[in-house]
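Me: Could you take a close look at one part of this model for me, the surroundings of the ligand? I would enjoy a connected walk through it.

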Amino acid sequence: MSGCAKGQPVAATTAGCSLQRRGILLVVAGPSGVGKGAVIAGVCERRPEVHVSVSYTTRPPRPGEEHGRDYLFITREEFESLRDKGELLEWAIVHGDQCYGTPKGPIDEALQWGQDILLEIDYQGARSVRRLMGDQAALVFVAPPTWQALLDRLRKRHTEDADQIARRLASAREEIAHLGMFDYIIINDALEDAVMKLEAILLSERLRLARADWRGLQQRLLSEADALGQSVADAAGRGDPLA
Ligand code: 5GP
């Protein structure tokens, strides 16, 4: 797990009150080159308590990529062993030939502590996460404003050769074809705006009743209402003005 956040985990609270809640698995998918990484980095800057999961991959590192920060670069045999031991939350073959997977252990632990985790994975992974985690996961699709914009971005980053770009464009079509299974869509035509939108999704998801341990609060408020109601009734009985 890479952090935006480091150090001891703390149980999350909702809306600044003392409501404990479960962590959110915020899945961010979308075509390669659409800028998912930059949008996630922007949210991490604004919300340093959020964790980003670091995936395993069998693809070789690109210049500048670091083992443990960008990916956990492993061999196919190592990947298959992790998969067979049940150590991956989800996994998929992406761009035709490379395996990518999310480590399960750190995610289970973080969610248990109420920490929010961002996953940058493909639509197949998103589908598996939905199947496994239900509504504990929120699925966000980042789309390009136009196909041409995606093409330009992929060409400009100079990290892939023509063959790899062609594979990524084929995957991009697949991603877009599966847009309907997502909960949210962000069109990334201006980075700052896209970052704000992903942050807004995170904040809204934090407020969902289904994630919160709300029964304690409900009980306390009702007990307070009963106690205060009684004292108000007593005051009225005595003819005292209401405080
Ligand atoms: P890249 O090779 O360009 O870094 O990543 C290619 C794609 O692999 C990303 O766009 C992302 O959607 C997907 N990906 C990265 N990590 C994972 C993972 O752990 N699981 C799945 N299913 N897809 C991943």
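Reply: Happy to! Let's begin with the make-up of the shell around the ligand: its residues divide into seven charged, six polar and five nonpolar. Please keep in mind that this is a predicted model. The shell counts 18 residues, and those that come nearest to the ligand are Ser55, Arg59, Tyr71, Glu90 and Tyr100.

The side chain of Tyr100 places an N or O atom 2.4 Å from an oxygen atom of the ligand. On the nitrogen side, Asp122 has a polar side-chain atom 2.8 Å from a ligand nitrogen, while Glu120 uses a backbone N or O atom, 3.4 Å from a nitrogen atom of the ligand. As for cover, the ligand taken alone exposes 520 Å², and the protein buries 95% of that. The site itself is the largest pocket, and the ligand sits in it.

One more residue deserves a visit: Gln98, which belongs to strand S9. Its side chain makes a polar contact of 2.8 Å with the side chain of Thr58. A polar atom of the Gln98 side chain also lies 3.2 Å from the backbone nitrogen of Arg59, and Arg59 is one of the residues that come nearest to the ligand. Setting aside neighbours within four places in sequence, Gln98 is in contact with Thr58, Arg59, Pro60, Ala92 and Ile93.

Terms used. Residues are numbered from 1 along each chain as its sequence is written. This is a predicted model: local features need pLDDT of at least 70, side-chain atom pairs count only at pLDDT 80 or more; totals for chains, interfaces and linings use all residues. Side-chain values use heavy atoms; hydrogens and water are left out. A residue is near a molecule or strand if one of its heavy atoms lies within 4 Å of it. A polar contact is a pair of N or O atoms within 3.5 Å; within protein, one must be able to donate a hydrogen and the other to accept it, and residues adjacent in sequence count only if both atoms are side-chain atoms. Accessible areas come from the Shrake-Rupley method with a 1.4 Å probe; for residues, only the protein chains shown count as cover. On a 1 Å grid over the protein atoms alone, a cavity is a set of points where a 1.4 Å probe fits but cannot get out, and a pocket is an open set with protein on both sides within 12 Å along at least five of seven lines; lining residues have an atom within 4 Å of a point. A molecule sits in a cavity or pocket if more than half of its atoms lie within 2 Å of its grid points. Ala, Val, Leu, Ile, Met, Phe, Trp, Tyr, Cys and Pro count as nonpolar, Asp, Glu, Lys and Arg as charged, and the others, Gly among them, as polar. Helices (H or I, at least four residues) and strands (E, at least two) are DSSP runs, numbered from the N terminus. Contact means heavy atoms within 4.5 Å.
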